[in-house]
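I opened my notebook and went through a few things one at a time. Here is what I looked up.

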There are 2 protein chains.
Amino acid sequence: MPLQFWFEFASPYSYPAAMRIEAIAQVRHVDFEWNAFLLGPIFKAQGWNDSPFNIYPAKGRYMWRDLERICEALALPFQRPSLFPRNGTLAARIVTRFNRAAWMPRFVKAVYHANFVDDRDIGDAAVIADCLERVGIDCEPVISMATDVSSKTRFRAQIKRAVEQNIFGAPSFVSNGELFWGNDRLEQAVLWHAVHGEIC
Amino acid sequence: MPLQFWFEFASPYSYPAAMRIEAIAQVRHVDFEWNAFLLGPIFKAQGWNDSPFNIYPAKGRYMWRDLERICEALALPFQRPSLFPRNGTLAARIVTRFNRAAWMPRFVKAVYHANFVDDRDIGDAAVIADCLERVGIDCEPVISMATDVSSKTRFRAQIKRAVEQNIFGAPSFVSNGELFWGNDRLEQAVLWHAVHGEIC
């Protein structure tokens, strides 16, 4: 079973994790899967109707500064989005529907770049279409397939799977039931999977 | 100005930070100050009447497992307290009142050991008295001075100082207005202070 990488397109700390995971997994020879999901339903179940970074301003101010420092240390471009959180539903449905496509990881990174570098509204289908075109994909059939009834059902099941695995934030990593939360835990999760992941 | 280390005796992630900070600061030749405070009033201002680790069970379950892994990696003894969070007020008042005493850091570590290794109730004055005795201090005058009116006033000012610096969790580190949150940020905060801390 591969290491599960769970990310949400609106999540600030998911951005550096998504940009780094391929290189870090490769060094450890660890297989991983990209799992897009939404925090909205999970937060709602906890009584939050917005991101905790908006509900708790001191925490939010800290997060933006912390992320700025993280990106600077990694030489990752970063611009604070003028709107937060943006709606990552369409992008997440595409990732879930086309999970085995070779272009999917490039699409994921294009969407993060749109949100956290170019300050574009990833909730707008035209922006997502542009992200698809940038990775060389004809956007119309992809968007149409990702928004059909069976894709929506599949995406709901994906969010349920996150909840069942006790995921409460993003990014998260799951290795044989062992949960790791946060960009800070990426290296540890990959190493854990390299050591324990093949046992089950 | 020294690096400010803010910790709360009930806070699980403050435990490894308190046990590690002296060695890490010494390597970088960084001066730091021990600042005990309480999260209760800060959480209350956010509408929480309990630790978020109790209010949000998935987060709490994760935290205990994460802390177990952290302590294992550091070879730090750890036993999950049977009561959480415990009341660290008396211990924090002692630290604030006797902040320049040579025995204070040893007392801090004795209290964390009582809470997170020996599962003793640090809200009980007899346990705190025992922690003082263990570091060779006559407990009666210390407890009496730490609970007099001027000490209580000083401790309230200490909590206000935390709030004014936008501290919202523990452990936290402040270097010339630059805030770092979490045991995960200890190394970064010390390095930041070594580079930027002498400027102001």
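This is a predicted model: local features need pLDDT of at least 70, side-chain atom pairs count only at pLDDT 80 or more; totals for chains, interfaces and linings use all residues.

Entry: I laid chain A on chain B, and the RMSD came out at 0.0 Å. The move was a turn of 180° with a shift of 0.0 Å along the axis. That is the relation of a two-fold axis. Which C-alpha of chain A is nearest the axis? I found that of D184(A), 3.8 Å from the axis. The two copies use the same surface: 100% of the contact residues of chain A recur in chain B.

**Entry: helix α4 of chain B.** I looked at residues 57-74, a helix of 18 residues. From its first C-alpha to its last it reaches 26 Å, close to the 26 Å expected at 1.5 Å a residue. I then listed its buried residues, among them A58(B), M63(B), W64(B), L67(B) and I70(B). What do the buried residues pack against? In chain A I wrote down α4, β4 and α10, and in chain B α1, α3 and α6. Just after the helix, A75(B) takes a positive phi of about 55°.

Entry: I picked Y62(B), which is found in helix α4 of chain B. Is Y62(B) buried or exposed? Its relative accessibility is 5%, and buried means under 20%, so Y62(B) counts as buried. Leaving aside neighbours within four places in sequence, Y62(B) is in contact with F168(A), L179(A), F180(A), W181(A) and R185(A) of chain A, and with Y13(B) and R69(B) of chain B. I also checked Y62(B) against H193(B), 131 residues apart along the chain, and their C-alpha atoms are separated by 31 Å.

**Entry: two helices packing.** In chain B I looked at α1 and α10, which pack at an angle of about 35° with their axes 10 Å apart. The crossing of α1(B) past α10(B) is right-handed. On the α1(B) side, A17(B), R20(B), I21(B), I24(B) and A25(B) make the contact, and on the α10(B) side L186(B), E187(B) and V190(B) do. I sorted these residues into 6 nonpolar, no polar and 2 charged.

**Entry: a last residue.** T96(A) lies in helix α5 of chain A. At 7% relative accessibility, T96(A) counts as buried. Not counting residues up to four places away in sequence, T96(A) touches A36(A), R154(A), F155(A) and Q158(A).

Conventions. Residues are numbered from 1 along each chain as its sequence is written. Chains are lettered from A and ligands numbered from 1 in the order in which they are written. Side-chain values use heavy atoms; hydrogens and water are left out. Helices (H or I, at least four residues) and strands (E, at least two) are DSSP runs, numbered from the N terminus. The expected span of a helix is 1.5 Å times one less than its number of residues. Buried means under 20% relative accessible area, exposed over 50%, partly exposed in between (1.4 Å probe, protein chains only). Contact means heavy atoms within 4.5 Å. Axes are lines fitted to C-alpha atoms, for helices over the stretch in contact, and angles run from 0 to 180 degrees between N-to-C directions. A crossing is left-handed if the near helix is turned anticlockwise from the far one by less than a right angle, and right-handed if clockwise. Ala, Val, Leu, Ile, Met, Phe, Trp, Tyr, Cys and Pro count as nonpolar, Asp, Glu, Lys and Arg as charged, and the others, Gly among them, as polar. Copies are superposed by least squares on the C-alpha atoms of residues with pLDDT of at least 70 in both.
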